[in-house]
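Reader: I'm new to this one and would like a close look at a single part of it. Could you take me through the salt bridges and what they hold on to?

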Amino acid sequence: MNNLTMDKIVNLCKNRGFVFPGSEIYGGFANTWDFGPVGVELKNNIKRAWWKRFVQEDPNTYGVDAAILMNPKVWEASGHVASFGDPKMDCKKCKQRFRADTLVENHSKGSVSAEAMSNEELESYIQTHHICCPHCGGFDWTAIRKFNPMFITSRGTLEADADKVYLRPETCQGEYVNFLNVQRTTRAKVPFAIAQIGKSFRNEITPGNFLFRTIEFEQMELQMFCKEDSSMNIYNQYKERALQFVKDLGLKEENLRFHDHDKLAHYAKAACDIQYNFPIGWQELNGIHHRSTWDLSRHQEFSGKNMQYVDPFTNEKYIPNVIEYSIGADRLTLALLCQAYDEESLENGETRVVMHFHPAIAPYKVCVLPLQKNLSEKAKEVYSLLSKEFMCDYDEAGSIGKRYRRQDEIGTPFCVTIDFDTLENNTVTIRERDSMEQIRLNINDLIDFISKKIKFN
Ligand code: GAP
């Protein structure tokens, strides 16, 4: 929808049970969000669709679910302890803190890739382009300082004696440290990938924009281990596969674009984001990175374990290159919420708010509605039948028109209405969300009809 604001999405989410502010009865806890009954279904369906596409349907990809708390040496090897740090700047006037790279990227509307810029380059850009404080409009910045966004906790019972432990800021290290285990137990041959979905935590300096940047979020990450000579091909394939996946889920082509990074980390051979046109502008949705042999070489160095792959045909030994594909489940959920939202003007002058989710990710696939309360016994029978197959809602409160509207607002693709004819001939009315068209079906045909319509390929 044109002119969609983030406020509209936040309000719908709060009022319809998609997402609530975290710890709300205590006044909230900034930049944490709780998924409600409708939101948890939506996000789970998105994660399932990702897993189906990239793990289930790919014979060369293996899933893991690694521990969030890892040996702290992992984070030394990954470079997070020493150098992973957001470049932060404070506005001297209003004392607000910002990420210098975000200031540059927002000012350039995403046309400048600030990720790989040095502090000096960032400071110089901010000065030359006279980038003011987004909060108070002042132009009086401190110098850039590094800020490590890893959350630290402790393992022992006495904090003073305890070892420092980090909450993982990305899931992919769980994939690297299990490279040998997965290869040994599956006898996978390069190229093969390890994937997982899990929580990550970052003490972000400038979180915000609802689910876009939070301090706790879920990532869906995949590391493809390959030989150097095929690595660029595989990188390009993942760019296309990642784009196709979000298009198939419902993001419109005109709201998607590749953003190739022109400045790269010293070990990287290529990097690209897919950007989505959020209500806050074009922003990163996911990343595809060619990480060379950096990750496995570092883990070899820090763990002392030989991370080489031995080619079973040639006996050649080498450390594989890594192509990474990483996407935030919450950020993708936000993009799909924005894409699905619509306000339609109806012939009777009313406005219908409708979420046009792909049926495969819609929170509920079907809602069962008795036309009148005295039909509820039959309606509950139908609910009981359908709920064994699909996530179903049940609603008998209010006029049928209002009940349809409530389902439109949470994106339910089908409403099944039980009326007096149902008692006579076992047929129901099934209403389709987008067209609002209604047809009559026998109850025995419902499961087959709905199953075909909600498939995600
Ligand atoms: N392992 C690579 C990695 O973590 P990243 O670009 O920092 O790369 C990958 O993150 C994806 O994770 C992003 O494209 C975004 O979808 C999601 N993401 C990162 N930080 C996030 C945050 N603070 N809140 C929500 N999603 C986030």
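Author: There are 30 salt bridges in this structure, where a salt bridge is a side-chain nitrogen of Lys or Arg within 4 Å of a carboxyl oxygen of Asp or Glu. Side chains of opposite charge can pair when their charged atoms come close. Before we zoom in: this is a predicted model, so local features need pLDDT of at least 70 and side-chain atom pairs count only at pLDDT 80 or more, while totals for chains, interfaces and linings use all residues. Residues are numbered from 1 along each chain as its sequence is written, and side-chain values use heavy atoms, with hydrogens and water left out.

Let's start with Glu218 and Lys43, whose closest N and O atoms sit 2.6 Å apart in a salt bridge. Glu218 belongs to strand β10 and Lys43 to helix α2 (residues 37-56), so this pair ties together parts that are 175 residues apart in sequence. Helices (H or I, at least four residues) and strands (E, at least two) are DSSP runs, numbered from the N terminus. Glu218 is buried at 9% relative accessibility, and Lys43 is buried too, at 6%. Buried means under 20% relative accessible area, exposed means over 50%, and partly exposed is in between (1.4 Å probe, protein chains only).

And where does β10 sit? It is part of an open sheet of 7 strands with mixed pairing, in the order β3-β9-β10-β16-β13-β12-β11; two strands pair if DSSP finds at least two bridges between them. The edge strands, each pairing on one side only, are β3 (61-63) and β11 (256-260). At the β11 end, β11 and β12 (residues 270-278) pair in the antiparallel sense over 5 bridges, and Asp260 stands opposite Cys272 in β12.

Back to the charged pairs. Lys92 and Asp140 also meet through their side chains, at 3.9 Å from N to O. Lys92 is in the loop between β4 (86-90) and β5 (97-99), and Asp140 in the loop between α5 (119-128) and β6 (145-147), so here the tied parts are 48 residues apart in sequence. Lys92 is partly exposed at 42%, and Asp140 is partly exposed at 37%.

Next come Asp101 and Arg99, with a salt bridge of 2.8 Å from N to O. Asp101 is buried, with a relative accessible area of 8%, and Arg99 is buried at 13%.

Finally, have a look at Glu344, Arg352, Arg405, Asp408 and Arg431: these residues are linked in a network of salt bridges.
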